[in-house]
Amino acid sequence: MSELPDPPWRTPSRGRTRRPLSQEAVVDAALAVLNREGLGGLSMRRVAQELGTGPASLYAHVSGKEELLELLLDRVSATITVPEPDPRRWTEQIKDVAWQAYRVYAANTHLALASLATIPTGPNALRVTEGMLAILFAGGVPPQPAAWFLDRLFLYIAGDAYEGALFGEKVRASGKDVEGYWTGMLTQLREYYLSLPAERFPHTLANLDALMAGGGDERFAFGLDLLVQGVARYAEPA
């Protein structure tokens, strides 16, 4: 039966229609709150307000904020694809997955911060970990260095992405566009370095161009190379 219009004498409802509660709906609402208010503003109460319900109703779907963060991390991990291992290209494959994760965290910077204190256990996060282990093992990397490498790699990815977010906040607070902010900041930084006494900072002043060269992606690529080259030292011949 089609829905009938309300009679003209009836007061229309001013409240919004509640979305049926589910774990997916809770995660959707949490992501919306997180993107607007940051990690500090995320709470079960705020998520409940977003859904137009009380906090108690959320606990039928999520045990608390810690699980909510795990679910959020798993949600964004769903976009990361992991290729079938190719022993001849394993370092390139690891870098490809790392870049995907970096882009995901850069687009969800508050989750990058949350990931620093959250062990991912969701199906998508486990899928990514399993796939990366398979690539490392195919390349001849033994289990222990492979495990520690992934731990250090995701710490590096999250930290780099979060630093980018902090710089983004500084750009927005300045009221300038990105190029204008960085041009002004780097000009001031160079002028400050050049004002330092040369007898105390000879290496800094002699290599100022090298110290200030490269953007975020270039520096991330360099660090990623270092990590991959480091774990490659442990790879055993097939």
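## Packing of α5 and α8

In this predicted model, Ile94, Ala98, Ala101, Tyr102, Tyr105 and Ala106 of α5 meet Phe149, Leu153, Phe154, Ile157, Ala158, Asp160 and Ala161 of α8, contact meaning heavy atoms within 4.5 Å. The residues of this contact comprise 12 nonpolar, no polar and 1 charged, where Ala, Val, Leu, Ile, Met, Phe, Trp, Tyr, Cys and Pro count as nonpolar, Asp, Glu, Lys and Arg as charged, and the others, Gly among them, as polar.

Helix α5 (residues 90-107) packs against helix α8 (residues 143-174) at an angle of about 35°, with the axes 9 Å apart, and their crossing is right-handed; helices are DSSP runs (H or I, at least four residues) numbered from the N terminus.

## Largest pocket

The largest pocket holds about 710 Å³ of space and is lined by 23 residues, with Phe167, Trp182, Gly215, Gly216 and Arg219 nearest its centre. Helix α8 gives the largest share of this lining, 7 residues, and by class the lining has 13 nonpolar, 5 polar and 5 charged residues.

## Second largest pocket

About 540 Å³ of space lies in the second largest pocket, and among its 23 lining residues Tyr105, Ser115, Thr118, Pro120 and Phe154 are the closest to its centre. Here too α8 provides the largest share, 6 residues, while the lining as a whole divides into 17 nonpolar, 4 polar and 2 charged.

## Basis of the values

Residues are numbered from 1 along each chain as its sequence is written, and side-chain values use heavy atoms, leaving out hydrogens and water. Local features need pLDDT of at least 70 and side-chain atom pairs count only at pLDDT 80 or more, whereas totals for chains, interfaces and linings use all residues.

Notes. Axes fitted to C-alpha atoms, helices over the stretch in contact; angles between N-to-C directions. Helix = DSSP H or I, 4+ residues; strand = E, 2+ residues; numbered from the N terminus. Left-handed = near helix turned anticlockwise from the far one by under 90°. 1 Å grid on protein atoms, 1.4 Å probe; cavity = no way out; pocket = protein on both sides within 12 Å on 5 of 7 lines; lining within 4 Å. Points joined across faces, edges and corners; volume = space filled by probe spheres on them.
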